[in-house]
Amino acid sequence: MAIDCLVLGAGQEIGKSCVVVTINGKRIMFDCGMHMGCDDHNRYPDFSLVSKSGDFDNAISCIIITHFHMDHVGALPYFTEVCGYNGPIYMSYPTKALSPLMLEDYRRVMVDRRGEDELFTTAHIANCMKKVIAIDLKQTIQVDEDLQIRAYYAGHVLGAVMVYAKVGDAAIVYTGDYNMTTDRHLGAAKIDRLQLDLLISESTYATTIRGSKYPREREFLQAVHKCVAGGGKALIPSFALGRAQELCMLLDDYWERMNIKVPIYFSSGLTIQANMYYKMLISWTSQNVKEKHNTHNPFDFKNVKDFDRSLIHAPGPCVLFATPGMLCAGFSLEVFKHWAPSPLNLVALPGYSVAGTVGHKLMSGKPTTVDLYNGTRVDVRCKIHQVAFSPHTDAKGIMDLTKFLSPKNVVLVHGEKPSMLILKDKITSELDIPCFVPANGETVSVASTTYIKANASDMFLKSCSSPNFKFSNSTQLRVTDQRTADGVLVIEKSKKAKIVHQDEVSEVLHEKNHVVSLAYCCPVKVEGESDNDADLIKHLSEKILKTISGAQIHESENCLQIGSFKGTLCLKDKCVHRRDISSSSEAVVFFCCNWSAADLELGWEVINVMKQNI
């Protein structure tokens, strides 16, 4: 059977992550996000591709949300309360606690401040979260009789998980967003080595390889310090959860060491509320935070204060963390309009910004003006500083995870197409794993694993357990066990599969005379002036004909086929001499031998053939 991967969002783009995977009849929706850079019908995934009739309860077995970012959870209340999905929804405990905060903050910004049509209400958010089932790390959940899921630590943000899903023998992992390195408040992603048919991985930084984080931290601190030392105001647009906590820890520690008295502000009450959850969910943070927590909660910031709107026009330097990140709407965009025209000020962009946002426009160059959503044009004279504090893994991390899991297939999502195609080629060429980069609305189908349970005959089991000792001819006695299991898989109609010993095949198949064939291919290295494989084959054929009477030999280009002979073939003693060489040519010899199991025993030894003066 096949595994079908339908990409509804984050296909060759970053935004509105949503992938629907069908495994042996079970359909799982991974993430249900919105696109932060769109304000039209492209904001949400096209759910009609899941069910034309709108009967989503029968179309989807369950939904799994990997973390609380809006591009992964933003469409969930709309899908459940407006579209009518009432099936099971799974997310980690921190994600269940923090998602409603993020959703309500977004709704308030888009509806109350920007005056957009309300796609979901506060009541919708509350009703949606009542349907959520919280899960813990490495907890195996039996969704139904056939489908089981398990969550693994993904780093990235508090509560982020990778998800393992298995139906029958078929298994996949959906990574969501993840980070393969630790930061100041979260650990690196951790997952077991699993047998997978498919890995669906994010690829935000598909071609980026980051160096040490310490130079980036120093660069960020110096830029902010230089700004406030010159009397300017530093705006750091960031989401209330995740990078805000990491950067506040960084600045708070730097302010203490440097004895800086310039105020640091949070703009959002949401962040204060979020910090309360961070304090309660210490078990999901990094080892460093857990150790410090015994004496001091790292999220109790000494130099960080709440921000009042009246302080926008207050004189003097300051640092302000304002939500949302990417300057896509809300208070961060409002502050940017006022502070951008001053050359004393700084806008520090600590992470990735999706296309269509003001943050992306600032990162794409050094514009002197920027058009905002409502048609307002803002002069940009402030300094723009971008530092890679993104919580996503880099290209090396993606390759490391893929190599570790060694899936049979890979699908890349959540990335920009040109970079994704480069990473795809790298995975295919270096890891020899088929890789796909589907666009939104496309489906990728890959084969799924099916194991057949088979009985084993007593003779076969005995042959597996019987040792076959071999003694080496070295100065010291060495004994090795060279046992082999010679079995034949027999599948008969309406009977269970069975593995029997090769000597039992005639009896099982009710045949008097059963022919068994063996084939082996080994390299032949040649020392000498000639590098012509055809000459080598010809001379080797003549030698074998002299050694084995009645042998049938067929020469074909650079292959030699030998068959239909009786007795023992030992290339080591009969044909050629062994000698250490520096080879100048190679040829391939193919030995194919047939015999009747009833009346012939064939001794077989194949070694690397070293030729001297053939």
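Modeller: A nonpolar core is a set of buried Ala, Val, Leu, Ile, Met, Phe, Trp, Tyr and Cys residues joined through side-chain atoms within 4.5 Å. Buried means under 20% relative accessible area, exposed over 50%, and partly exposed in between (1.4 Å probe, protein chains only). The model is predicted: local features need pLDDT of at least 70, side-chain atom pairs count only at pLDDT 80 or more, and totals for chains, interfaces and linings use all residues. Residues are numbered from 1 along each chain as its sequence is written, and side-chain values use heavy atoms, with hydrogens and water left out.

Biologist: Which residues touch the most other members of the largest nonpolar core?
Modeller: That core has 140 residues, and Met29, Ile200, Phe220, Leu251, Trp255 and Val319 touch the most other members. Helix 7 (residues 243–258) gives the most to this core, with 8 residues. Helices (H or I, at least four residues) and strands (E, at least two) are DSSP runs, numbered from the N terminus. A second, separate core has 23 residues, including Tyr265 and Val370.

Biologist: What is Ile200 in contact with, leaving aside neighbours within four places in sequence?
Modeller: Contact means heavy atoms within 4.5 Å. The partners of Ile200 include Cys5, Val19, Tyr174 and Val413.

Biologist: What makes helix 12 oblique to helix 13?
Modeller: Axes are lines fitted to C-alpha atoms, for helices over the stretch in contact, and angles run from 0 to 180 degrees between N-to-C directions. Angles under 35 degrees count as roughly parallel, over 145 as roughly antiparallel, 65 to 115 as roughly perpendicular and the rest as oblique. Helix 12 and helix 13 pack at about 40°, with axes 11 Å apart. Therefore helix 12 is oblique to helix 13. Among the residues making the contact are Ile398 and Met399 of helix 12, and Leu423 and Ile427 of helix 13.

Biologist: Why is Asn24 called partly exposed?
Modeller: Asn24 has 24% relative accessibility, so Asn24 counts as partly exposed. This residue lies in the loop between strand 2 (18–23) and strand 3 (26–30). The phi of Asn24 is near 50°, a positive value in a residue other than glycine. Most residues other than glycine have a negative phi.

Biologist: Why does Ser406 count as partly exposed?
Modeller: The relative accessibility of Ser406 is 47%, so Ser406 counts as partly exposed. Ser406 sits in the loop between helix 12 and strand 20, and its phi, near 45°, is positive in a residue other than glycine.
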